[in-house]
Every structure is written in structure tokens, then in C-alpha cells.
Amino acid sequence: MVEEGGVDGGSGEAEAEAESAEEWLLQAQKLVPVALEKATEVKVFPGRWKMIVSKLEQLPSRLSDLFSHPCFSKNVLCKEQLQAVLNSLKEAIELAELCVREKFEGKLWIQSDLDSLSGKLDLNLHDCAVLIKTGMLGEATLPLLLSGCSLQQESTDYSNIRELLARLLIGHMEAKHRALDSLVEILKEDDDNVLSVFGRNNVAALVQLLTATSPRIREKTITIICMLVESGSCENWLVSEGVLPPLIRLVESGSAVAKEKAVISLQRLSMPADTARAIVGHGGVRPLIELCKTGDSVSQAAAACALKNISAVPEVRQTLAEEGITRVMISLVDRGILFGSKEYAAECLQNLTASNEALRRSVIAEGGLRCILAHLDGPLPQEYAVGALRNLVSSVSMEVLLSLGFLPRIVHVLKLGSLGAQQAAAAAICRVCSSPDMKKLIGEAKCIPLLIKLLEAKTNSVREVAAQAISSLVTLSQNCRELKRDEKSVPNLVQLLDPSPQNTAKKYAVACLGLLSSSRKCKKLMISYGAIGYLKKLAEMDIPGAKKLVEKLERGKLRSLFSRK
């Protein structure tokens, strides 16, 4: 946990303003040898005083480093740091005199004071080093203009954002708390200016503050981190500085506000595969699953989205299943508070069932197939639920699919679904039409005209899967007659004979046209739409059926010419 003790950098501000940084430095330099002399005279509590002496001995070099910095006299942080050092030196002298005379009220009391002094000296040494090594003095001195920002400071007049960010790295916890308050207020009005100034040191300081014992500090810190994440800034820095474990702990046991901000942050951070794996490794799956069950609408949606992102990584899917994700995602598809939660859950189920037969059977056993089919009854079916259905249909019998209402849902998707949903529906048809009975039922459900229309889609992958579905269905004579009757079938299929490498539907188009070529009317249409020229090129490319079909069309063309004569 982050320590919340230390010197109050804001005390004695009136005196600090009246004296220059050089004067404060001179006073500190004079008191260091006095404090060392007094400390070495003490005979009681030798272990504690030895530690204090070793820290006092380090002060001169740190003070010298501060003085040698070009921004020494221009930066209010230097003056405050020197005042904190001076207060620690005065306290060391006072405690040393008490211990030399052994005039203290009790051992426990004086030991506590000595431990407190040691902590303050640690903070002094740390803060001096940070001011120098991080380049903070130069950064906090640079001006930064803020447009439209009026902020009333309660205790300290912070000159600019860089100074506020610097205060996250040094000083005691209360000073950091005031800096957080001010940053949160400025971010509400002018987040772009503030976020653009954040550096890695500031990010590291925020990550450390996530483990502060004060819930209020954690809430304000996670609010700023959430803004950073949502802006797309510093994501790599946050992860490399160790933000994931404290975020997961906040999702697990933080306040309502902290949970919401933490899970929104994890939602965004979980998009890269490496970070998704790290979240799993840090034990983040179970808290996210719990939030899906108990969170409010915003937290539930963010947790479901984070789990959806994680499920996109194949090697962690089994771990997700072992944590009980399957039942929770099915429940969300069925009863999620927001529509977004339902869609994230559906996409998660699609990912989980993409390549693992055991997970497919688990989803089916938990009632997932029934739930997904019911979800498709909405007015505009989306891609992910249909994608999950596509993954599952091969793992159940035709009788089960029909009893659950598969066919009317597929027709509904092909009519009203998004283009991605229609593509997934066509793929599902390809997977289930292995038997003549199923092909007959799909044809009778009037899917073929809808698939023919789908051949006009602008996306090649959609046209390909629609052509594949049609080529599977029309091997049944009843469906082939349906294809012949549709006036759009031949022109749409001929368009798919384009020999370009980008057109991956051409082999299915050849197969369909080959079956249609038994019809004189269809052959005439193929010729009139330029099929022969396409087919000759496809025959040269050894596309199956192309050579036979072009020969058939050319014979028909010759007979037609002779019959005219």
C-alpha cells in the first residue's frame, strides 16, 4: 500500500513566500551539520538513530543537486521541498536534544516520533531525487495556457498543469490528494490540454496512487486513469507500469464508482491480445464474470465487453470456461440490462465456440443454442449472435435444430439482419444442408431467393458464402427448379464468373450455372450476359466445371445459329 504519512508541504506558506529559495537552502545547509552533531551524541535507541544519521548524511548532496539545477530559483516546488527538509532538520535537532537529556514521556512515544522522523527524511531524499532525475523542475516551470479553465484552488495556488502533475510524484499523501482534486476539476473542463501533457512519470505516479489506503484517493485516481484510457493516451505506459493488478482489485472490491471506472478501463485495455493474456494471468476473469452478474447496466456492459475481448485470444478460452463464463454469457444474451451487453455476450459465445468442440457442447448443454435463437427474434439481428449459431449448428441433430425454430430464424436474418448477420446465416446453411431432407426444408422455407439477392452484396466474402450455400442447396432438383424460376439467378451468378483473384465465389458460380444449363432458357441468358468469355478464362485457370460448361454453351450457341438459317 502507498504510505500516507509525511511532511505537509503546504505549511508555513506565508513565510515561504517571503523568503527566496536561496535563503531556504542556506538555512537547510546550516542546520544539517547541527542535526548530525546532535544525533551522534544520542546514546539511547542506537539502531533508530544510526538510521537517521545515515539519512541526514545524504542530504547535503541532494541539496547541492537541487541548487545546481537551472530552474532552482524559478520553481515553487524547490522552495516547498527545501521548507520540508528544514522542518525535518528542526525536528531531528529537537528529538536529539530530548534523547540526549533522556527527558521524554515514554519509550513508545519517542520511538514512534523517531520512526516518523525517519519516514519524513526518506520522503525528503526521495522527493529531492525525483525532482532532479525526472526533469520535473524544468517541466513544471514551463508555461501552459489553458483555454476556458477557471479553477478556484482551496489551499495551494498551482501555477499550471505540469506543476499539478509533478505533485503526484512528490510530497505526502494529502498534498497528492489536493493535486488530484485539482486535476479532476480541470479535466472536466479541458481534458485535451491536460492529457496531452502526461508523461510516463506521471502515469507511474497515478498507478501507485491506485493502491492508496484512502478510498477517495483511489476513486479520483481511477477517474483520471479512465480518462487517459478512453482518450487512447498512455495505454502502453499504464500496462507497463503495472496498472492491471490494482484495476482488477478495484473491480473486485472497490466502491461503486471505482468499480465502474476500473472496468471501463479494463474494457479498453483488454483489446490487445498481450494485455488480454495479462489480465487472465493476474486473475482478472473471475471479478469480471462476477460484475456481469451483479453490476449495474454500465459496469455489466463494460465487463461483458472486456470478457469478449479476452475471449478473442484462443489460448485463454479454456481458462474462461473453467471460470464459468459460458453460463454467465448465455444469461446475458437472455437477460442483459442493455442491448450492448447482450451483443458483447453473443460475440463472446461466438469466440468461445469458434474452434473448440468441447466448448460448443458446453454452450449447447447450458441452453445456449435455444437462447441465441430466441435473441435473433429482434427487429435487426446482428452478426455475432448469428455467428455463434453458425458455430453451433454442426454439433446438434437436424431434429433438434428444427424443434428450436432454426428455419424461421434463419429466414428472418436473411430478410432483416445486418450484412454480417446475413453472411453468418448463409454460412450456417452451408453447415446444415448435408442431407436431402434438410435441403428440401431450407428450399421450402424460401431461403433460395434471399440467397440469390445476397449475391449482389458489395463484399466478396458475403457473395462467396451465399454462392456456396446456393451450390449446396441446388443439388436437390426441387431447389434447382426454384433457382431456374428466379429471374435474378443467372445474371447474378454470371457476374460471379469474374476471373480476378479477388473473386473467390467463381467456383461456386460455375457449379450453380452448370446445374442450370439443363434449361434452354437459362443457357440463352448465360450467353446473353457474356458467360462464355468468362468461362473460357476460368477453363484456362482449371476451375472445376468451367471447361465442360463453356463447351455446352458453345454447342447450344451453334445449334441456335443453324436453327435460324
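**Entry 1: Overall make-up**

How many helices and how many strands does the secondary structure of the protein chain come to? I found 34 helices and 0 strands in the protein chain. I took helices (H or I, at least four residues) and strands (E, at least two) as DSSP runs, numbered from the N terminus. I kept in mind that this is a predicted model, in which local features need pLDDT of at least 70, side-chain atom pairs count only at pLDDT 80 or more, and totals for chains, interfaces and linings use all residues. Residues are numbered from 1 along each chain as its sequence is written, and side-chain values use heavy atoms, with hydrogens and water left out.

I next looked up burial. Buried means under 20% relative accessible area, exposed over 50%, and partly exposed in between (1.4 Å probe, protein chains only). Of the 565 residues of the protein chain, 52% count as buried.

I then turned to contacts, where contact means heavy atoms within 4.5 Å. Among contacts between residues at least 6 apart in sequence, 71% join residues at least 24 apart.

**Entry 2: The largest nonpolar core**

A nonpolar core is a set of buried Ala, Val, Leu, Ile, Met, Phe, Trp, Tyr and Cys residues joined through side-chain atoms within 4.5 Å. Which residues of the largest nonpolar core touch the most other members? I noted Trp-49, Phe-198, Met-329, Ile-429 and Leu-535, out of 188 residues in this core. Helix 4 gives the most to the core, with 12 residues. In soluble globular proteins, nonpolar side chains tend to be buried together.

Leaving aside residues up to four places away in sequence, Met-329 touches Cys-292, Leu-307, Ala-345, Cys-348 and Leu-349.

Two packed helices are described by the angle between their axes and the distance between the axes. Axes are lines fitted to C-alpha atoms, for helices over the stretch in contact, and angles run from 0 to 180 degrees between N-to-C directions.

Helix 15 (residues 285-294) packs on helix 16 (residues 297-311) at an angle of about 140 degrees, and their axes are 8 Å apart. That makes helix 15 oblique to helix 16. For this I used the following classes: under 35 degrees is roughly parallel, over 145 roughly antiparallel, 65 to 115 roughly perpendicular, and the rest oblique.

Helix 15 contributes Val-285, Leu-288, Ile-289, Leu-291 and Cys-292 to the contact, and helix 16 contributes Ser-299, Gln-300, Ala-303, Ala-304, Ala-306, Leu-307 and Ile-310. By class, I read 10 nonpolar, 2 polar and no charged residues. Here Ala, Val, Leu, Ile, Met, Phe, Trp, Tyr, Cys and Pro count as nonpolar, Asp, Glu, Lys and Arg as charged, and the others, Gly among them, as polar.

**Entry 3: Helix 10 and its partners**

The axes of helix 10 (residues 215-230) and helix 13 (residues 256-269) come within 9 Å and cross at roughly 25 degrees. Helix 10 and helix 13 are therefore roughly parallel to each other. Residues of helix 10 in this contact include Ile-222, Ile-225 and Val-229, and those of helix 13 include Ala-258, Ala-262 and Ser-265. The contact divides into 9 nonpolar, 2 polar and 4 charged residues.

Helix 9 (residues 200-209) packs on helix 10 at about 140 degrees, with the axes 9 Å apart. Helix 9 and helix 10 are therefore oblique to each other. I saw Leu-206, Val-207 and Leu-209 of helix 9 meet Ile-217, Arg-218, Thr-221, Ile-224, Ile-225 and Leu-228 of helix 10. This contact has 7 nonpolar, 1 polar and 1 charged residue.

**Entry 4: Helix 21**

How many of the 8 residues of helix 21 (residues 368-375) are buried? I found that 6 are, and the helix is mostly covered. The buried ones are Gly-368, Leu-369, Cys-371, Ile-372, Leu-373 and His-375. They pack against several helices, among them helix 18 (325-335), helix 19 (339-352) and helix 24 (406-416).

**Entry 5: Single residues**

Is Ile-532 buried or exposed? Ile-532, found in helix 33 (residues 531-540), is buried, with a relative accessible area of 11%. Ile-532 and Glu-554 lie 22 residues apart in sequence and 7.5 Å apart in space, C-alpha to C-alpha.

Lys-74, in the loop between helix 3 (46-68) and helix 4, is exposed at 61% relative accessible area.

Lys-446 lies in the loop between helix 26 (436-444) and helix 27 (447-454). Its phi is near 65 degrees, a positive value in a residue other than glycine. At 48% relative accessibility, Lys-446 counts as partly exposed.
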